[in-house]
Amino acid sequence: MSKYMKNFIEFEYHRVTNENFTEIWQAKKPSRVVITVPHDGIPNYKWPDKIRDRRKSVTGGDPQVWLIAKDVLFSSRRLRIREFISVVRGNIPRGVVDLNRSWPFPRSYCVGQKPQLALENPRYASVYRQYHGLIKKLLMDSIESYGKEGCLLVDLHGFGKQPDYAPKNGYDLILGTGNRASIYYDDIDFKMGEYLRSKGYEVFVPRDKSSSHKKEDLYAAEFTTRYWAERLKINAVQIETAHKFRDKKRRVEIGPQLSKDLASFFEKWFFGK
């Protein structure tokens with residue numbers, strides 16, 4: 001299990017390490033769910049200005065998203081699924097490396113959006129390789145144990161501005177799949193949306209692959225979701241969470257409940273409970 005973790009702290013169900021700006025909470029058992037958090041690491045302002053090289057692209061972070069992922073891991077001692085969830089968190093500032101963009105070749109999965117490189121200075125290439133290398137290893141272990149249909153990649157983000165297609169009171173969650181381009185098995189995106197709506201959330205779920213040629217927005221899923229789904233033929237969903245679940249005052253009341261509901265869906269999906 002620890003074949004690619006040299007130094008780690010051991011907990012009940014996970015081994016934890018932080019190397020080369022990548023923090024990993026790896027389940028001791030092969031993962032059913034791999035959660036990635038690319039944009040909630042060191043804030044840009046804490047990084048020396050002169051060596052913050054990525055200046056021509058989007059550099060804003062997703063503060064407090066990590067707390068949602070963390071609470072999924074520790075959401076309920078009654079849930080079996082928490083033994084099968086791993087989290088990979090990037091800690092490099094987004095103004096240095098954007099771990100949810102392509103490199104070394106520019107590619108944008110969002111129609112009409114100019115491609116952005118993950119990094120502009122190659123000295124940070126090892127950080128990028130570390131992050132995506134660990135994602136790949138976790139997913140490959142999962143596929144080997146459960147098959148391609150038996151695992152799920154969730155790329156976790158936060159949004160502040162509501163999209164122009166939002167209802168009057170806005171969305172709580174936006175499930176990005178590139179108009180279902182990252183869904184290969186069993187309509188997991190539809191089922192996730194239905195389940196979360198039953199819990200009282202306002203959720204946007206893209207409808208069909210035939211619309212994938214139309215204009216997409218920045219919440220439609222970018223590199224991590226689209227690349228690994230396409231390459232490994234697995235289900236992958238980018239989950240965008242509204243600011244209220246991450247706000248320092250309000251998240252105490254509603255953030256942990258969102259994490260519990262996500263964990264409960266994973267439990268029901270993989271174990272039928």
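Guide: Strand β4 (residues 33–37) runs parallel to β5, and five bridges join the two; strands here are DSSP E runs of at least two residues, and helices are H or I runs of at least four, numbered from the N terminus, while two strands pair if DSSP finds at least two bridges between them. This is a predicted model, in which local features need pLDDT of at least 70 and side-chain atom pairs count only at pLDDT 80 or more, whereas totals for chains, interfaces and linings use all residues. Residues are numbered from 1 along each chain as its sequence is written, and side-chain values use heavy atoms, leaving out hydrogens and water.

The pairing of β3 with β5 is antiparallel, over four bridges.

R89 is buried, with a relative accessible area of 13%; buried means under 20% relative accessible area, with a 1.4 Å probe and protein chains only. A polar atom of the R89 side chain lies 2.8 Å from the backbone oxygen of D40. Leaving aside residues up to four places away in sequence, R89 touches F21, T22, E23, V37, D40, G41, W66 and Y131, where contact means heavy atoms within 4.5 Å.

Beyond β3, strand β2 (residues 14–19) pairs with β3 in the antiparallel sense over six bridges, and R15 stands opposite Q26. These two strands form a hairpin with two residues between them, and N20 in the turn has a positive phi of about 55 degrees.

Seen as a whole, the open sheet consists of nine strands with mixed pairing, in the order β1-β2-β3-β5-β4-β6-β9-β7-β8. Strands β1 (9–10) and β8 (203–204) stand at the edges with a single partner strand each, so one side of each is left without a neighbour in the sheet.

Technical notes. Buried means under 20% relative accessible area, exposed over 50%, partly exposed in between (1.4 Å probe, protein chains only). A polar contact is a pair of N or O atoms within 3.5 Å; within protein, one must be able to donate a hydrogen and the other to accept it, and residues adjacent in sequence count only if both atoms are side-chain atoms.
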